[in-house]
Amino acid sequence: MALLLGLGVALWIPWQSKPSEDELREQAGLQGKVELLIGTMDDIPGAGYKDPVTGRYSGFDVEIGYLIAADLGFRPDEVRFLTVENEDRSRMVASDERGQRQRVDLVIAVYSRTDEREKLPEVSFSQPYLETEQSVMTLRGHDPIDDLTALRDKSVCTISTSTSRHPAEAAGAKMVNKSKISDCLQPLRDGQLDAMTTDAAILAGFVGAEPQTFQHHDVGLETPESWAVNTGGNEPLKTLVDLSLYRSKHDPADKRWEDAYDRYLRPLEAASAPQFIADDQQPDVEEVEVRQWPWERLAGVVRPAVTRRRAGSSGRSRCCPRSRSCCWCCASGT
C-alpha cells in the first residue's frame, strides 16, 4: 500500500502541475470575451482576400482562423477579421472597416516562422499550420527560371519584410520593395519589373486568378516556409492554438484542415504546375500537455462536440474544451 501510495503521489504531482484548458483560457484572457479579433491579409487570393463589394474575408488562412476560433469556443459570428499590414504582423495591430487600428488576438497572415522573427518582443509563434516554399512569378511566356541566379541584374519585386528578399538579393537581383505584395502586380504587367518573388502559396493565388498573364517558376529553393499563428506573446493562448492544431492533425474525423486546402489551395495547383504550391498534408504537431483525466483524453477523440450554455449568456454558446466545432447550445442548457 505504501508503494502504491508513493506511486500515486509521484504521478499526481506532475499531472497536477499541468494547466487545464479552462485555466489556460482564463490565463489567456478569453473568459467572458464575446469576440475574437484575427488579423489577416486582404489582397492574396487563396490565402487571405477581402471582397471589395461584400467586405467578406476568404481564403485558407481565414479557414484556419475559424478552425482555431471554434476550438477556443467562438462561433463564426463571434469572429472578426481585420486587415493586417505586413510590417504590423509582429505588432499584433490591424485596421478595421473604418481604418481604425486595433490590437488583435491572433495574426494568421501568411506569416513564416523564423528564428529572427521569434526574437521580436511581441512574437510568439504557434506550431506550423502550412508548409510551402519560395518561388518566382513572371509574365506568361518568360524563359524558364530554374535558379535565382537567372535573376541577376533583373528588377525583382517583393515586400520589404519577406523572407524571399535576401536570397534574391544575394543572387544579384535588383530588389524593388513594396509594403504589400499585390503592389508588385501592376508594375509587372506594365513591364516595369522582370519578376516577383515570395512564397509559392502566395504567388499561386495571383497565377490562378490570371493564368493567361502570369507564369510560376520553380527555382529549386526547397527550404520550407512554415506558416504559423502569432499570438503576440500570449503564451497560454499559444498553448491553446497548438492544442487546436494538434487535435486537427491527429483526429481522423476532423477534416476541416483538409477541406480548407481542397477549397482554396488545391484549385491553384493546375495553373502553377509544375511549381510546388504547398504540402497538402497538415504539418505534424507535437502533443500539447494539458491536465486531463484519462477518460477525458479518450472522450476528446471519440465523443462528438457538446456545447453548454453559459449562465446569462443570452443564447451565446461556447464549445466544451474537447469539442471539434461549435454548435448551438441545447435549450435546456445541458
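## Helix α2 against helix α8

Helices α2 and α8 pass each other in a left-handed crossing (left-handed if the near helix is turned anticlockwise from the far one by less than a right angle, right-handed if clockwise). Helices (H or I, at least four residues) and strands (E, at least two) are DSSP runs, numbered from the N terminus. The model is predicted, with local features requiring pLDDT of at least 70 and side-chain atom pairs pLDDT 80 or more, whereas totals for chains, interfaces and linings use all residues. Residues are numbered from 1 along each chain as its sequence is written, and side-chain values use heavy atoms, with hydrogens and water left out.

The axes of α2 (residues 21-28) and α8 come within 8 Å, and their crossing angle is roughly 135°; axes are lines fitted to C-alpha atoms, for helices over the stretch in contact, and angles run from 0 to 180 degrees between N-to-C directions. That angle makes α2 oblique to α8, given that under 35 degrees counts as roughly parallel, over 145 as roughly antiparallel, 65 to 115 as roughly perpendicular and the rest as oblique. On the α2 side, E21, L24, R25, Q27 and A28 meet P236, L237, T239, L240, L243 and R247 of α8, where contact means heavy atoms within 4.5 Å. The residues of this contact comprise 6 nonpolar, 2 polar and 3 charged. Ala, Val, Leu, Ile, Met, Phe, Trp, Tyr, Cys and Pro count as nonpolar, Asp, Glu, Lys and Arg as charged, and the others, Gly among them, as polar.

## Helix α3 and its two partners

Helix α8 (residues 235-250) also packs with α3, at an angle of about 110° and with the axes 9 Å apart. The two helices are therefore roughly perpendicular. L67, I68, D71 and L72 of α3 make this contact with L237, L240, V241, S244, L245 and S248 of α8. By class, 7 of the contact residues are nonpolar, 2 polar and 1 charged.

Helix α3 (residues 60-72) and helix α9 (residues 256-264) have axes that come within 9 Å and cross at roughly 160°, which means that α3 runs roughly antiparallel to α9. The crossing of α3 and α9 is right-handed. From α3, the residues involved are F60, E63, I64, L67, A70 and D71, and from α9 they are R256, W257, A260, Y261, R263 and Y264. This contact has 8 nonpolar, no polar and 4 charged residues.

A cavity is a set of points, on a 1 Å grid over the protein atoms alone, where a 1.4 Å probe fits but cannot get out; lining residues have an atom within 4 Å of a point. Grid points are joined across faces, edges and corners, and a volume is the space filled by probe spheres set on the points.

The largest cavity has a volume of about 130 Å³. Its lining has 16 residues, of which R89, V110, I159, T198 and I202 lie nearest the centre; by class, the lining has 7 nonpolar, 5 polar and 4 charged residues. V110 is located in the loop between β8 (106-107) and α4 (115-118), and its phi is near 40°, a positive value in a residue other than glycine.

## A cis peptide bond

A273 and P274 are joined by a cis peptide bond, with omega about 5°. P274 belongs to the loop between α10 (269-272) and α11 (294-302).

Methods
1 Å grid on protein atoms, 1.4 Å probe; cavity = no way out; pocket = protein on both sides within 12 Å on 5 of 7 lines; lining within 4 Å.
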